[in-house]
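Okay, thanks everyone, let's get going.

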Amino acid sequence: MAEVMVIKDVEALAAEWGIDTSQLDYDSIELPRGEDFGIISDDEDVYQEEQLDSDTGFGNVIVVDNLPVVPLEKFEKLEGVVRKIYSQIGVIKEDGLWMPVDSKTNKTLGYCFIEYNTPQEAELAKEKTNGYRLDKSHFFAVNMFDDFDRFMRVPDEWVAPEIKPYVPGENLQQWLTDEKARDQFVIRAGTDTEVFWNDARHLKPDPVYKRAFWTEGYVQWSPLGTYLATVHRQGAAVWGGAETFNRLMRYAHPQVKLIDFSPGEKYLVTYSSHEPSNPRDANRVIINIFDVRTGKVMRDFKGSADEFAIGGAGGVTGVSWPVFRWGGGKDDKYFAKLGKNMISVYETETFSLIDKKSMKIENVMDFTWSPADPIFALFVPELGGGNQPARVSLVQIPGKQELRQKNLFSVSDCKMYWQSCGEYLAVKVDRYTKTKKSTYTGFELFRIKERDIPIEVLELENKNDKIIAFAWEPKGHRFAVIHGDGPRPDVSFYSMKTAQHSGRVSKLTTLKGKQANALFWSPSGHYVILAGMKGFNGQLEFYNVDELETMATAEHFMATDVEWDPTGRYVATAVTSVHHEMENGFNIWSFNGKLLYRTLKDHFFQASPVTILLIASVDVCYFT
């Protein structure tokens, strides 16, 4: 094995040999297959265990038991029936179906072996046909061939497990007790992942922890900041602690691509996609839901990518992500998935469907949970050429009771936005004009906590204005809208309750001609950043909504990301190498728009929407 060298030693040796390391692209360097040069992956022991489990080489073979015992004259007919059933699931190899015969009786033995092209096809065949009823007397019992090898390694005599002494764990909320009341953030640049304190008083980041090759995919904070998750070839892991970031738990899921935490951090959802042997078939998707603390798989879902491709805003290989959306606030009681003409709602006590069945809703297109309560809003477009109007409905779980419904006419599109405490729901409705040649936009505003859930209609003064962005004030009663068709749109602010109109929406002000196409509210409300991303080249306006005045204007040229710290005191803006090769790095600003410090980082990237991930703090709803 090659000697392990730190990067300083590499650079010193390169200088001695006259090599300019600034011209080297470290990310393009690939290790020879089978050689790790001493850089051991954190999941190497899991990988070795899996290699041990699969060293028989029969991971793509299943054993089908409880077949009829038939004489030789019926052999071909039975073989044809079995082949027809299992060839529908995957490609059976040539001579890949073997049904043994008893040499004494010349009858089959009641089982067969089937070899597929891939282990994924074999696993799917086991899942789909175990318990399959061939006739009234024969129900298939299907197992993986490798399972028998694993069972044979079980010792004949029981040995008591070793009792390990109790070791008290670290306080995973230790960062909340920082004497300087700082928050932490994580960045990825090149092969390094680094955690810093945001030390704004000293105008620089304060290093906490740094590690090379910490993840093989990306990193992600849990919603409350308790864990930092990493993605590896054999699964995901979570880390935590005061400063050392020890590995707390691993979650075995080979080839995992995406992860998602439940709001209360009790569960972790992992996703992988596997290519089929037949290119005409859809990818095979595996989704696991783990208990974060124990690492136990609470429920898994397997199927083709087509089964998970409905709804959602992002994902890979055609699958929407997140597939499952969590409801009931931070109690993590419910999660749900959008399907064709249905919404499947599960409860986490048993991880089964509520009432053991999905909600049948014809042509349902989208749904979204209240952030605070077990209530979701759903949208159904017009049916029958407009004879049946579109509608938005509010449904309470677990009783599946419809709390409120609003019919909508001439609808071309609809988007739903919850206020962070579940007090209000805004439904943006794009409608066709009478000529059907153009559309205009209005808002349906639901007051969720009031009696009978009253609904108000809001239309802009120029209802033909294009809506560029909408955002609620966190924990508050105000919202902002960017609207207009020109290169400099307007920004309007509204309130759901004012001293003059406590129960009616009213406009606070309109800012004319702003270089903005995105809204970023402070987590504590009061302040908002009007940001000009992409074509506006990183224009930033820091606006005080209480006083209705601009605090500062600034620019972070080519900025790709904007992220508030959880206390609302600081803001991070970033330029990532995913979008731009020049000026990669991040700026830290005060809430009122003062640039505190700037950090440049080559190969600064993060394979997720947010590059600088600031740890979340406890979220409490209150009103300004």
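So, when I say salt bridge, I mean a side-chain nitrogen of Lys or Arg within 4 Å of a carboxyl oxygen of Asp or Glu. By that count, the structure holds 25 of them. Keep in mind that this is a predicted model.

Let's look at a few. Arg182 and Asp199 meet through their side chains at 3.4 Å, N to O. That pair ties together distant parts of the chain, 17 residues apart: Arg182 sits in the loop between α5 and β9, and Asp199 in strand β10. Both Arg182 and Asp199 are buried.

Next, Lys210 bridges to Asp192, with the closest N and O atoms 3.6 Å apart. Here β11 supplies Lys210 and β10 supplies Asp192, 18 residues apart. Asp192 counts as partly exposed, because its relative accessibility is 21% and the buried class is under 20%.

Then there's Arg478 with Glu473, at 2.8 Å, N to O. Arg478 is buried at 8% relative accessible area, and Glu473 is buried at 0%. Some bridges also share partners: Asp178, Lys180, Arg182, Asp199 and Asp206 join into one network.

Now the sheet. It's open, four strands, antiparallel, in the order β16-β17-β18-β19. β16 and β19 are at the edges with a single partner strand each, so one side of each has no neighbour in the sheet. The twist averages 15° from one strand to the next.

β18 and β19 pair over seven bridges, and Ile286 has Lys302 in β19 as its bridge partner. Helix α4 packs on this sheet, touching β17, β18 and β19, and its direction makes about 70° with that of β18. Among the buried residues of α4 are Leu124 and Ala125.

Note on methods
Residues numbered from 1 in each chain as written. Predicted model: local features only at pLDDT ≥ 70, side-chain atom pairs only at ≥ 80, totals over all residues. Heavy atoms only, no water. Buried < 20%, exposed > 50% of the residue type's maximum accessible area, 1.4 Å probe, protein only. Helix = DSSP H or I, 4+ residues; strand = E, 2+ residues; numbered from the N terminus. Pairing = 2+ DSSP bridges. Axes fitted to C-alpha atoms, helices over the stretch in contact; angles between N-to-C directions. Contact = heavy atoms within 4.5 Å.
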